[in-house]
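Open the model in your viewer and keep the sequence panel beside it.

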Amino acid sequence: MGAAKEGRMLLVTKIKDGTVIDHIPAGRALTVLRILGIRGDEGLRVAVVMNVESTRMGRKDIVKLENFYPRFEDITKIALIAPTATVNRVKDYAVVEKRPVEVPPVIEGLLTCPNPTCITRRPSEPVKSRFIVVGRSPLRLRCYYCGSEIDEATVLKELASV
Amino acid sequence: MGWRGRDVVDVRDFSREELEELFEVADLMDKELAQGSVRKRLEGKVIALAFFEPSTRTRMSFESAAKRLGAETIGFTSEEAISVSKGESFVDTIRMLDSYSDLIVLRHRYEGAALLAAEVASVPVINGGDGRQHHPTQAMLDLYTVRRIFGTIDGLSYLVLGDLKYARTVASLLRALAKFRPEAVMLSSPPELRLRDELKRELEEAGLKLEEVPLEEGLRRADVIYVTRIQKERFPDPQEYEKVRGSYRITRRLLESLAKKGAKVLHPLPRVDELAPDVDSTDFQAYFIQARLGVPLRMALLSLVLGGD
């Protein structure tokens, strides 16, 4: 996005240092915040822009976080519900790193298998959930242990309730 | 890849050639059994039979197979009998069995239990049934029975009938059939017990053509009629079970009026009321043969995995 164009469209000011998560599918910014564990009472300066025009996506959401850098694990979660997102690291008002999120081939320990009799759901069992990505668009994950499949809607529901 | 040291968790892990090798060894074992001259190939071995869920045929045929081959067996037949009932984790129980035995045969009501056990244990793990997911040795036995009766697995029409949703024997049988070239694979079930979509998709991706047919059509066309029990214990809701209970029943009269001459009925057993006892004395009955062949088939399996040639 060119500076002039951004100037016309800008709803919120630039941040000095921190992270801008751009190209989030429209309507999912609040889920992204939930994944990051941001509730608002941490005192962080956060800007949420929802349903704004995007040349690439039609409409999109943007989240700006001052002095906040997401953990790798959280970026993986974001990739699951917002595969189009880019994570931009901002330093002194300039983007110093721009990275598209990526869904890894195997997702470990992040999601709970929906099957109540999957071995990973057995209480006190020292085993992490493990899902194999069997489809990216649309998203389809298969539990490595019990073979149950989950789709994007289920992932969204689970990550939105964290 | 060969059989030696392999885990037997999922029938999909084995090629057609490997299954045929297993069937040939099973033929040899059966011959030795008939002659009363079984070689003690597994003398000095200890086999753990870890049955966290009840079983009659699978457990006893493994036990008999192990003993025929000269191995010792240790184990338990329910969770109540062991420390799991005191809160011990499954993984800890497997670690213990791993150090006490040369091979673990496992049954558990949780899906994925055998795969997790295979990750934890250094000795081979044979899945004797995990939840509603896999029962590879039953599928091997089913196809072995077909091969013994018909001389082939290819070119036959199969009707798989009953609880296609929860029966792990169905899932494993269909996965195994996908490695062969059946003439037709027909499915017939009450609407509530249809094959799960994800399994259906997986089988179709593996190249298995499935036809959903009314029971009468299936009975008319099938060479192999595979009947399953409604898996009462896997229903999350007892009311759902009551709705489908008794919704199909294969009887002598039904078979005599519809089935092809030479057609055979298989059933992984136990049966409840889906298969009438009056079929037992007909030529359609093959389920007792199937149960009997469980011993030579599992002897072959143990022998191949433990390398007792």
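Select B:Tyr226 and B:Leu266. B:Leu266 lies in β9(B) and is the bridge partner of B:Tyr226. Strands here are DSSP runs of E with at least two residues, helices are runs of H or I with at least four, and both are numbered from the N terminus.

Before going on, note what is on screen. This is a predicted model, in which local features need pLDDT of at least 70 and side-chain atom pairs count only at pLDDT 80 or more, while totals for chains, interfaces and linings use all residues. Residues are numbered from 1 along each chain as its sequence is written, and chains are lettered from A and ligands numbered from 1 in the order in which they are written.

**The sheet in chain B**

Select residues 224-227 of chain B. This is strand β8, joined to β9(B) by three bridges, and the two run parallel. Two strands count as paired if DSSP finds at least two bridges between them.

**All of chain B**

Show the whole chain as a cartoon. Chain B has eleven helices and nine strands. Its radius of gyration is 19 Å, close to the 19 Å that the globule rule gives for 309 residues, so chain B is as compact as a globular protein of that length. The radius is taken over C-alpha atoms, and the rule is 2.2 Å times the number of residues to the power 0.38. Colour by pLDDT, the predictor's confidence in each residue from 0 to 100. The mean for chain B is 94, and 99% of its residues reach 70 or more.

**Across to chain A**

Select 3-100 of chain A as domain 1, then 106-160 as domain 2. These bounds come from an automatic or database domain assignment. The C-alpha centres of the two domains lie 26 Å apart. Their contact takes eight residues from domain 1 and seven residues from domain 2. Contact means C-beta atoms, placed from the backbone, within 7 Å.

Technical notes. Contact = placed C-beta atoms within 7 Å.
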